[in-house]
Each structure stands twice: as C-alpha cells, then as structure tokens.
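Hi everyone, thanks for coming. Please bring up the model on your screens, and let's walk through it together.

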Amino acid sequence: MPRKLKIATMVTGHFTTPPPKGVIYAPMDIAVWVSEGLVKRGHKVDFYAPLGSKVKVTKIIHNGLLPLNKDGGSLGSLRDKGVDVNKVAVLWDQYLLAQMFKIAEKGKYDILHIHPVDRALPFGLSHPNVPIVYTLHDPIYPWRSLIFSMFKSPNQYYISISNAQRKPAPNLNYAATIYNGIDLDNFHFSNEHDDYLLFISRLHPEKGVAEAVQVARKAKEKLLIIGPPVTGEYWDKQIAPYLNDRIQYLGYVPRNKLFKYYQRAKATLVPIQWEEPFGLIMTESMACGTPVIAFNRGSVPEVLVNGKTGFIIKKNSIKDMVEAVKNINKINRADCREHVEKKFSIQTMVDQYEKVFLRIAK
C-alpha cells in the first residue's frame, strides 16, 4: 500500500482561493485540483492561503494574513502614495512561505509543493533538509535560468508543464514534466457547432488576438472574442476598429460559463506570439469537441495532434491559418474529446504528481 504523505502547498497571498470575481489565475486551479485530488487518496495536505480561502484539504493555514487584493481593491494603508507595491507583493507571499518552512523544519511535512518559485528559492537554499517541489508555470527566461542556478540545491526539484518549457534551462533538477489537467465535468462535449470561430485569452499582444481578427476577416468568418477588458494602444489600434456584427467582443466570461462558447464554436484560434509553456485554452476547447488551430510555438505540438485534433500552423502564417479554417470540418470532434480524456484529465495529472511526491519522499 502506497505511503500516505504529509504535504504543504502554497500559491499566493495576494488573494483568496478561489480568487475574487474577474481574476483568472491558472496556477491556483492546478494547485487546488492537485491538493484536493491527493486528499481524496488519503494524503494530508495543508494549504497556505489568506483568510477567507476555501479548499477541500486537510487544513487551510493563514496565520491571520488578510488577502492583499480583495474585489479589485487593496488593504487600507497599502493604497497610500509612496507604497512600493512590488515589495509588498513579495513579502505577502513570503509571509506564508516563512510559516510553511518554519513547520517543515520541524519535520512535519514530507514534501512542500510551491507554485511561486521565485518567492521561495531563498527559503529552499537555506533549508537543505526540506524536500521542495516547484511547479513552473511561466517561461524560463534567461534571467530566471540564471537565478535558478544561483539558488540550486539537491532538495529543490522542478516540475515543467511541457517539455518545450525546459529548452532555455535543460539542466535544472527536473522531477518530471506533468501536463496541466482540466476538470472534464466543466467542459461538456458537443458534436454539433454553430458558424463562428472563437478566441479566449488575456487580450495582450503575445496571445495573438490581433492575428485572430486578421484570420477571421480574411476567412470571412464570424469571430467571438472573450477576455478581461483592456485599454491602450494595442487594443485601440489593432482590435477595436474591426469590431462589428462579425467580429464581436463579449468581455469577461466566468470560467463556469465558458464551455457554452467552446461547444458551439467551429474552431478555437490560438495564434500565439510567444513560447507559451502550456495553454489551457487548447485542452478546454478540445474537451468540448472543438478543434484548435494554433501557431507552432511553445507547447503547441505537445498538446495538439496535427490533422486529428486541429491544425498546427508554422509561426505567424496568417495565410496558412486561414486555409486551416477552411478545412476544419475534416477534424472529428469526438477525437478531440478522447485526446483530452486520455492525456489531460485531472485524474491523469494527480496520478503523476502522486508518483513524483512518493519518489522524492523516499
């Protein structure tokens, strides 16, 4: 019978778990699913988070910490002029981490599972007897690779969320690559679709919303755009002028309502302009049966099966993406759902985390 572990985990002190309305934070979803999944298997998990957090784990530990951000606002005097917001944000996380390491040093935990890796590295280096697993959610930029090498020690392990994510720093102390899972109960399959394309993401240049607009216009297709509102030159010049009855911006849609838009889309466009380490949008879309058309960057070739669950397009080729839109009906929507069930379910993700934790705890 597998050993039952004592685990502590932490994501952020900035806001509660789950986060306030309008806040999208994928690392929190992953942390909650892994933690709750491990508890169901008999492991004990302490979840470090601010007051007001609600997670189905062994214990939530807050040590009196109020969330730094609540419903879009900040705590009292922290709104005052002259406050160094960046320093406050770091210290808010490190307060929880310090509490966690203080208990871990007494041998109370078998594993620490930490998501804000940059905040925790000094603690990891200074507590060599505490086994720590970091899940890397962001790209490993050169500056980050340098810092990881500065703070390396045998007790600190890394989980990458794609093999592509490892390329800038291939020699870290990796424990595994574990793909992010999704809750299939929240993304229902549909074999039927309406006549529109879909773009869901933060509306930033690296996500490629302007390119999605170009593709829809050239393909003469309707496009629905979903994402938290933004302002600025990028939006004003490259998206807003093209909004009409064919290119529609729907604003922010709560996560539990997204499946309705995925289900009825003929395809989801992912014309990313950066080396995205994973991309939950792709797995959520395929879970609903909707194929994905994405530029070949970052994790895309690990997540999609070209010609079966969508199309992988060479970098920045609007022309080829338009052509793929025209051929999208060649994709069997049931194949998209099956692919996610086999490779990207929460069950599969928790299985892999459990194996890694048990191996390290030995």
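Let's start with a pair of side chains: Glu-341 and Arg-337 meet in a salt bridge, with N and O 3.1 Å apart. By salt bridge I mean a side-chain nitrogen of Lys or Arg within 4 Å of a carboxyl oxygen of Asp or Glu. In general, side chains of opposite charge can pair when their charged atoms come close.

Where do Glu-341 and Arg-337 lie? Both are in helix H11, residues 333–343, and they sit 4 residues apart, about one turn of the helix. An α-helix has 3.6 residues a turn, so residues three or four places apart point the same way. The helices I name (H or I, at least four residues) and the strands (E, at least two) are DSSP runs, numbered from the N terminus.

Before we go on, a word on what you are looking at. This is a predicted model, where local features need pLDDT of at least 70, side-chain atom pairs count only at pLDDT 80 or more, and totals for chains, interfaces and linings use all residues. Residues are numbered from 1 along each chain as its sequence is written, and side-chain values use heavy atoms, with hydrogens and water left out.

Back to our pair: is Arg-337 buried or exposed? Arg-337 counts as buried because its relative accessibility is 15%, while Glu-341, at 39%, counts as partly exposed. The cut-offs are these: buried is under 20% relative accessible area, exposed is over 50%, and partly exposed is in between, with a 1.4 Å probe and protein chains only.

How many salt bridges are there by this rule? The count comes to 17. Let me show you two that reach across the chain.

One joins Arg-255 to Asp-29, with the closest N and O atoms 3.6 Å apart. These partners come from distant parts of the chain, 226 residues apart: Arg-255 is in the loop between strand E12 (247–251) and helix H7 (259–264), and Asp-29 is in helix H1, residues 26–40. Arg-255 is partly exposed, since its relative accessibility is 29%. There is also a network here, as salt bridges that share partners join Asp-29, Arg-255 and Glu-284.

In the other, Asp-194 pairs with Arg-264, and their closest N and O atoms are 3.2 Å apart. Again distant parts are linked, 70 residues apart: Asp-194 belongs to the loop between strand E9 (174–177) and strand E10 (197–200), and Arg-264 to helix H7. Both partners are partly exposed, Asp-194 at 36% relative accessibility and Arg-264 at 28%.

Look at the neighbours in sequence, too. His-193 lies in that loop between E9 and E10, and the C-alpha atoms of His-193 and Gln-263, 70 residues apart along the chain, are separated by 6.6 Å. His-193 is partly exposed, with a relative accessible area of 29%.

Now turn to helix H10, residues 318–326. Which of its residues are buried? They are Ile-318, Met-321, Val-322, Ala-324 and Val-325. Seen down the axis of H10, these buried residues fall within an arc of 160°, so they line one face of the helix. That arc is taken from the directions from the helix axis to the C-beta atoms. On the other side of H10, Lys-319 and Lys-326 are exposed.

Asn-316, in the loop between strand E15 (310–313) and H10, has phi near 60°, a positive value in a residue other than glycine. Asn-63 also has a positive phi, near 50°, and is found in the loop between strand E3 (59–61) and strand E4 (69–70). Asn-316 is partly exposed at 40% relative accessible area, and Asn-63 is partly exposed at 38%.

One more backbone feature: the peptide bond from Thr-17 to Pro-18 is cis, with omega near -5°. Pro-18 lies in the loop between strand E1 (6–10) and H1. For context, most residues other than glycine have a negative phi, and most peptide bonds are trans.

Last stop: Ala-240, in the loop between helix H6 (233–238) and E12. Ala-240 is partly exposed, with a relative accessible area of 29%.
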